[in-house]
Amino acid sequence: IIDKTGKINTAIIYAIFNDPQIIATIYKYATGSILLHASSAIDYLQIAYNESIYSKLQEIMTPIFRRFVKNKLENSHLAELRDFLLPMLMNGQVSVD
């Protein structure tokens, strides 16, 4: 999800769409037999907007969101490394001093 106007950055959009009330509204109005489509729920979403508040919130949220994304990537790399090394450790191909 992106803001076509460019006023709201990814960090704020992520926070908005992780709100339990927004998620519940999307699930309530999403349509589709196998795969739910959230586009039908857009008409029912109510999101307050005040440009000055969003601007201040973005200043706070952007560094936090960047760190969150960096940590997710690092965790993914560490999980891959664990999955590669653990079998080798278990069968004795490598050892830890």
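Ala, Val, Leu, Ile, Met, Phe, Trp, Tyr, Cys and Pro count here as nonpolar, Asp, Glu, Lys and Arg as charged, and the others, Gly among them, as polar. The views below show a predicted model.

**View 1. Lining of the largest pocket.** The largest pocket holds about 360 Å³ of space. Its lining is made up of 16 residues. By class, 14 of the lining residues are nonpolar, 1 is polar and 1 is charged. Ile1, Ile13, Phe17, Leu45 and Ile47 lie nearest the pocket centre.

**View 2. Helix 1 at the largest pocket.** Helix 1 spans residues 10–17. This helix gives the most to the lining of the largest pocket. Its share is 3 residues.

View 3. Val96 sits in the segment after helix 3 (51–90). Val96 counts as exposed because its relative accessibility is 68%, and the cut-off for exposed is over 50%.

**View 4. The salt bridge between Arg82 and Asp83.** A search of the whole structure finds 1 salt bridge. Arg82 pairs with Asp83, and their closest N and O atoms are 2.9 Å apart. Arg82 has 48% relative accessibility, so it counts as partly exposed. Asp83, at 47% relative accessibility, also counts as partly exposed. Partly exposed residues fall between the buried cut-off, under 20%, and the exposed cut-off, over 50%.

Notes
Residues numbered from 1 in each chain as written. Predicted model: local features only at pLDDT ≥ 70, side-chain atom pairs only at ≥ 80, totals over all residues. Heavy atoms only, no water. 1 Å grid on protein atoms, 1.4 Å probe; cavity = no way out; pocket = protein on both sides within 12 Å on 5 of 7 lines; lining within 4 Å. Points joined across faces, edges and corners; volume = space filled by probe spheres on them. Helix = DSSP H or I, 4+ residues; strand = E, 2+ residues; numbered from the N terminus. Buried < 20%, exposed > 50% of the residue type's maximum accessible area, 1.4 Å probe, protein only. Salt bridge = Lys/Arg side-chain N within 4 Å of Asp/Glu carboxyl O.
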